[in-house]
Amino acid sequence: MPKRNLYLTNTPIDEALGSFWMHFNEKPVHSTETIHVAESLGRTTAEAVFARNNSPLYDCAAMDGIAVVSGKTASASENNPLTLTGDEFLVVDTGDPVQPPFDAVIMAEELEETAEGMIIRQSAAPWQHLRPIGEDIVQGEMVLPSLHKIRPMDIGVLLSGGITQVLVKSQPSVAIIPTGTELVEAHQTPKIGDIIESNSYMLGALVAQDGGKPARFGIVADDYNTIKESLLQAAENHDIILICSGTSAGREDFAVHVLNEIGQVIVHGVAMKPGKPVILAIVAGKPVIGVPGYPVSAFIAYENFVKPILLGEKPSSGVIQATLTRRLVSSFKHQEYVRVKVGRIGEKLVATPLARGAGAAMSLVRADGFCVIPRDYEGLDAGAVVEVVLCREIADLERTVVAIGSHDMMLDIMSDMLSGANLSSSHVGSMGGLMALKNGEAHIAPIHQLDEATGEYNIPIIKKLFGGRKMALIKGVGRVQGVMTAVGNPLNIQGLADLTKHRFINRQRGAGTRILLDYKLAQEGVDPESISGYDREAATHMAVAAAIAGGSADCGLGIQAAANAMGLDFIPIDTEEYDFAIPQEFLTLDHIQIFINTLKSPDLHGKLAELGGYDTSRCGEVILIDC
């Protein structure tokens, strides 16, 4: 008979998990399978998922009312009401398509219907109450990264993006073996000395909650050979094995001896209380966790060792305090839940609000948590310390690179490639990013800011804005900018001078692309006011491309990769430098180093080459700047 197990080790939890985990680096617990999106709740994506179509699919009404040609309403006012008749308007409901020549919607509440037509008392602005094609989801953009646990809001966005099938990690089968001669089932009548077995059911529920498939064995008596037979059977048919109780120093605690005979014990005993006598072992290449018999010990063992193996990562979650980066205005009538991105900048966590519109479903997917504005509050000021209810693990926030600035498709690709770090990217244009960096709201600012006096990119504006600070520039890519237009270039657009002849869509004020456009227009002597649509703004290159592909614009300035992604024609105008401004003190952060190394990665360069229009020769080079 085996001797009593008097000498357990006292291995620190992280060291024990690390020693255990290293045995599965090349032998993952999970395989993959393709399932319907409607059945994917709680499953984990095995690869990044990209949208197959735009949402909305077309320019559509955001309100019930009438679609109008905005230019024909310019004279309307309270003192000079205008009556629209015949084909001057189109009655629309929310979600109805709005096609040229109509370019605005007037709400039903602002209309007065008469026998002659519709009376309006206020002019309509271009694109008023319209949702442009691709406003929420743009074809080709990443909807979900790999290794993402699919939530209810993700399912809606996946389907809206035209995705019906998704590749997910398989659900590991977890064998749960309760052992102990003293154990009885709950339906039996216990006698003195009996213990009702409950741990295996608790563990099974935890496994199911975390995406595994529990397989409970019947109670196994404290018999060496019976325990051995059960473990071998479990190793043959299941992915993970939990053996419950029998892990300590009792005379009938056989688990560690059996495991040493049929496999390898990695750790026996960890430095936690309760739960010290945990066993971590390998049998037939399968992870085996010996779970102590006390219920609290079993739960703690599950959280620290079973759950990380099941999920492929060590989880944590909760409510945190963060500093709000922008003022939030709210209503007295409602308790409002504002979606936020969260990351650590220096000594504080910062929360940056995301889109608040009811139609902005992607903000749910991108959110790290919710900042709750209570009823009877008008809002919260920038700089306020707020509580954030997390919907991501707090460990993720500690290793998140917060990037605020100009958008590029490479950021979507990089966010799926960062191993050991996360990327939170908000698209506000180059100047918006630089101001966020100056205010301590971001680690890096993606920029492509042209200095019109020198023709140099990025460094002059950094020196101007960050006087007295030690800054750096992480080189990104050379990007080919040009005019995007419909496939086949049916309007025969040859250059910027032709923009005056067609419907244009611009980037937002402060965007590097818009600054480049203004610079080039001045060089060629083209008046911006002569361009129809110069004041129509889009937040990203892909949104510009989507508008052209959808037919609501004839042309727009953007990067070649966006044109290629949407199947558009492209007339090159210039090559710009898309880089990342960063304070020097952040360069030593582990997640920033991961970001830089990913920029240097041949895998990233290969993916960018497939998109087209990128020069990666200086990717990841760091230039120190004394401002």
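In which loop is the place of P101? P101 is placed in the loop between β6 (89-92) and β7 (104-107), where helices (H or I, at least four residues) and strands (E, at least two) are DSSP runs numbered from the N terminus. The peptide bond that leads from P100 to P101 is cis, with omega near 10°.

The structure is a predicted model, in which local features need pLDDT of at least 70, side-chain atom pairs count only at pLDDT 80 or more, and totals for chains, interfaces and linings use all residues. Residues are numbered from 1 along each chain as its sequence is written, and side-chain values use heavy atoms, with hydrogens and water left out.

The secondary structure of the protein chain amounts to 16 helices and 39 strands. Along the principal axes, the C-alpha atoms fill a box of roughly 100 × 65 × 50 Å. Of the 627 residues, 52% count as buried; buried denotes under 20% relative accessible area, exposed over 50%, and partly exposed the range in between (1.4 Å probe, protein chains only). Among contacts (heavy atoms within 4.5 Å) between residues at least 6 apart in sequence, 76% join residues at least 24 apart.

P56 is located in the loop between β2 and β3 (60-61). Positive phi values also occur in residues other than glycine. H129, which is not a glycine, has a phi of about 55° and belongs to the loop between β9 (118-120) and β10 (130-131). With a relative accessibility of 26%, H129 counts as partly exposed. For N489, likewise not a glycine, phi is near 45°. N489 occupies the loop between β33 (470-485) and β34 (504-507) and is buried, its relative accessible area being 15%.

Within α4, the buried residues include I227, S230, L231, A234 and A235. Seen down the helix axis, the buried residues of α4 fall within an arc of 135°, so they line one face of the helix; the arc is that of the directions from the helix axis to the C-beta atoms. On the other side of α4, N225, E229 and E236 are exposed. The cover over the buried residues of α4 includes the strands β13 (173-178), β17 (240-244), β19 (279-283) and β20 (286-291), together with helix α5 (255-262).

Strand β13 contains S173, which counts as buried at 15% relative accessibility. Leaving out residues up to four places away in sequence, S173 touches K213, A215, N237, H238, D239 and I240.

Two glycines were also examined. G42 is placed in the loop between β1 (32-36) and β2 (49-50) and is partly exposed, with a relative accessible area of 21%. Residues up to four places away in sequence aside, G42 touches K149 and I150. From C-alpha to C-alpha, G42 and D210 lie 7.8 Å apart in space, with a separation of 168 residues in sequence. G558 is placed in strand β36 (residues 555-559) and counts as buried at 0% relative accessibility. Apart from neighbours within four places in sequence, G558 is in contact with V480, Q481, G482, M484, H541 and F570. G558 and P460 are 98 residues apart in sequence, and their C-alpha atoms are 23 Å apart in space.

A search of the whole structure for cavities of 30 Å³ or more finds 1. A cavity is a set of points, on a 1 Å grid over the protein atoms alone, where a 1.4 Å probe fits but cannot get out, and lining residues have an atom within 4 Å of a point. Grid points are joined across faces, edges and corners, and a volume is the space filled by probe spheres set on the points. The largest cavity has a volume of about 40 Å³ and is lined by K341, V342, G343, V350, T352, V402, I404, S424 and S426. The elements that give two or more residues to this lining are β23 (336-345), β24 (348-353), β28 (400-405) and β29 (422-427). The largest share, 3 residues, comes from β23. By class, the lining has 4 nonpolar, 4 polar and 1 charged residues; Ala, Val, Leu, Ile, Met, Phe, Trp, Tyr, Cys and Pro count as nonpolar, Asp, Glu, Lys and Arg as charged, and the others, Gly among them, as polar.

Technical notes:
1 Å grid on protein atoms, 1.4 Å probe; cavity = no way out; pocket = protein on both sides within 12 Å on 5 of 7 lines; lining within 4 Å.
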